[in-house]
Amino acid sequence: MKNHHIKKQSNVRVLILGGGTAGWMAAAALSAKLAGTGVSIRLVESAEIGTVGVGEATVPHIRHFNASLGFDEADFMSRTEATFKLGIEFRDWGRKGDAYIHPFAAFGREIGGVPFHHHWTRARRAGRVPADGLDAVSLPIQAARMGRFGHPSPDPSSFFSTFSYAYQFDAGLYAGYLRAYAEARGVVRTEGKVQDVSLRADGHVEAVTLESGERLVADLFVDCSGFRGLLIEGALKTGYEDWTRYLPCDRAVAVPCANDGPPAPYTRATARDAGWMWRIPLQHRAGNGHVYCSGFMDDDAAEQALLAQLDHPPQAAPRRLRFTTGKRRRQWVGNVVAIGLSAGFLEPLESTSIHLIQLGIGRLLDLFPTSADMDPLDAAEFNRLMDLEYERVRDFIILHYVATQRDDTPFWNHCRTMAIPDSLATKMELFKQRGIVTLYRDGMFLEPSWIAVYLGQNILPTHVDPRAALVSDAEIDRLIAMEAEHCRRAASSMPAHGEILSRYKVQVTA
Ligand SMILES: Cc1cc2nc3c(=O)[nH]c(=O)nc-3n(C[C@H](O)[C@H](O)[C@H](O)COP(=O)(O)OP(=O)(O)OC[C@H]3O[C@@H](n4cnc5c(N)ncnc54)[C@H](O)[C@@H]3O)c2cc1C
């Protein structure tokens, strides 16, 4: 996160509306990065309204967020009951009975200057490697399957530097952890329910009024009020881009239960008749959920299906949630910046929501106003960047639904044959024809992630890079076998995940 241009005293008064993951991440980051600039920060939240609080799985970028705030990993993990996450296991997505892991790592190494997946595809087409053989050439997948974890090496020449990892944590505890940090850096928290929003003549928000009658004026409002988007939508009527036609799931039910043995170092996403179920192992429990499409399954059936597959009895009453996939037409309007669920929601399949919060906060810091007067150019740039991120994540998530051979339920027939955005159609065509993965300069889900899902869901290119044929089959087979052995040995040398976690237990001090 850069904020080079905030050099002088800016005296901007910031009001963050909402104390969920988004609100407290924003409060923590702004209070740390804007310290000494004269910016004052207040956060308003309502215990009565509560939070969504089910965001438990993350992507590796969260580590940079934590590190940029100076969090100690052991302390953070013990306070949030966190576990390590090496990837997501997708079960039954391509075909029933299939399973693959999307790791935070590339598969294999280039051979003869040609990406590994081209060689592997040739070998698979010729039947020289099994369909799930890609797992063998990934160190983090091998480790995940063995229930092991080790930190990546900082030495770029080490084989152990070739993967990354994320966390699975209790989102409620994480918000509390961030809150303590933000309050220690001067963020003022106000408990109360916003009842009214007043606008200035120029259409910007002037103040919010609480149920108590207290009126809170600010220059910049960060709307972290969740799905309701109290400021960005309620007050400013910005409009929502509905992506249900591409991402049809619109409901979820969530319930915790005890872990079945030591927590696994990965998240599981199992495709079901009208959606999919997650299992996220934390230190003290497992989070479970069923994401489904109300057009194909009713709420009671979805809840029953979830309860029927729990490893242990539920530890709380099932929680039902409704959502519409999509994003706000603009996420920064006037003096309101929407971050979190108020900005949009793409469903939790690839654990991207908290990452999009992190991106929003980073962009806001990069473009942070230098005075109480907002520059529309900052808003336009913020919106351009966030639109790009949302669309890329959207396309990647849609890929999981459309790259399926399942025809066993009406839901999967719908997903397999639904229209998809042109941006994704082009990407898929390039891969199907030539094994080419569209490259971005930056952003989430780069080449290895797309390859994991394409090959994991049986989308094989028709032609591979002709240069791959320059290396003999025998040589490729030898190198694939060597890579697999290397991964197996490296993974076997890592400690058990449970053993590593035992070092991160909450230390109760008297
Ligand atoms: C089913 C499901 C599963 C998910 N799983 C994941 C996951 O695995 N990984 C991931 O990264 N993300 C996940 N997410 C997304 C994640 O939960 C959210 O991104 C995250 O919790 C942020 O929510 P939020 O802070 O924007 O909103 P909320 O948690 O809804 O917080 C809203 C805040 O606004 C306050 N508020 C609202 N109205 C008012 C008012 N009138 N006055 C005062 N305060 C008010 C509330 O009190 C609350 O503090 C999931 C979401 C869903 C629905």
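Helices (H or I, at least four residues) and strands (E, at least two) are DSSP runs, numbered from the N terminus. This is a predicted model: local features need pLDDT of at least 70, side-chain atom pairs count only at pLDDT 80 or more, and totals for chains, interfaces and linings use all residues. Residue numbers start from 1 along each chain as its sequence is written.

**Annotated active site**

- The unreviewed UniProt entry places its "active site" annotation on K85. UniProt positions follow the numbering used here, feature names are shortened, and annotations may be inferred rather than shown by experiment.
- K85 lies in strand β3 (residues 83-85).
- K85 is buried, because 29 other C-beta atoms lie within 10 Å. The cut-offs are these: buried means 20 or more other C-beta atoms within 10 Å of a residue's own, exposed means 12 or fewer, and partly exposed is in between, with C-beta atoms placed from the backbone.
- Leaving aside neighbours within four places in sequence, K85 is in contact with A57, T58, Y165, A166, Y167, Q168, P265, Y266 and T267. Contact requires C-beta atoms, placed from the backbone, to lie within 7 Å.

**Annotated binding site**

- The "binding site" annotation, also from the unreviewed UniProt entry, covers G19, G20, T21, A22, V194, L341, E350 and I354.
- These residues span 336 residues in sequence, and the farthest two C-alpha atoms are 32.5 Å apart, so they do not all gather at one spot.
- T21 belongs to helix α1 (residues 21-33). T21 is buried, with 25 other C-beta atoms within 10 Å.
- Beyond four places in sequence, the contacts of T21 are G55, A171, Y174, A175, G340, I354 and I357.
- I354 sits in helix α9 (residues 353-366). I354 counts as buried, with 26 C-beta neighbours inside 10 Å.

- The largest nonpolar core has 152 residues, and V14, I16, L17, A26, A27 and I339 touch the most other members. Such a core is a set of buried Ala, Val, Leu, Ile, Met, Phe, Trp, Tyr and Cys residues joined through C-beta atoms within 7 Å.
- Helix α10 (residues 376-402) gives the largest share of this core, nine residues.
- Not counting residues up to four places away in sequence, A27 touches I16, I41, L43, L178, A182 and V187.
- W24 is found in helix α1. W24 counts as buried, with 28 C-beta neighbours inside 10 Å.
- With residues up to four places away in sequence left out, W24 touches G19, A175, L178, R179 and A182.
- W24 and L43 are 19 residues apart in sequence, and their C-alpha atoms are 8.2 Å apart in space.

**Helix α14**

- The buried residues of α14 are I476, I480, E483, C487, A490 and A491.
- They cover an arc of only 100° around the axis, which puts them on the same side of α14. The arc is that of the directions from the helix axis to the C-beta atoms.
- On the other side of α14, the exposed residues are A474, E475, R478, M482, E485, R489 and S492.
- The buried residues of α14 pack against α4 (116-125) and α5 (139-146).

- Helix α3 (residues 73-80) has F76, M77, R79 and T80 buried.
- The cover over the buried residues of α3 includes α2 (61-68) and α6 (171-184).
- E81 follows α3 and has a positive phi, near 55°.
- I232 is found in helix α7 (residues 230-235). I232 is buried, with 30 other C-beta atoms within 10 Å.
- Apart from neighbours within four places in sequence, I232 is in contact with D223, T238, R328, V333, V336, A338 and S342.

**A three-stranded sheet**

- Three strands form an open sheet in the order β12-β18-β21, with antiparallel pairing. Pairing requires DSSP to find at least two bridges between two strands.
- The edge strands, β12 (240-242) and β21 (344-345), each pair on one side only.
- Strand β18 (residues 326-328) pairs with β21 in the antiparallel sense over two bridges. G326 stands opposite F345 in β21.

Notes. Contact = placed C-beta atoms within 7 Å.
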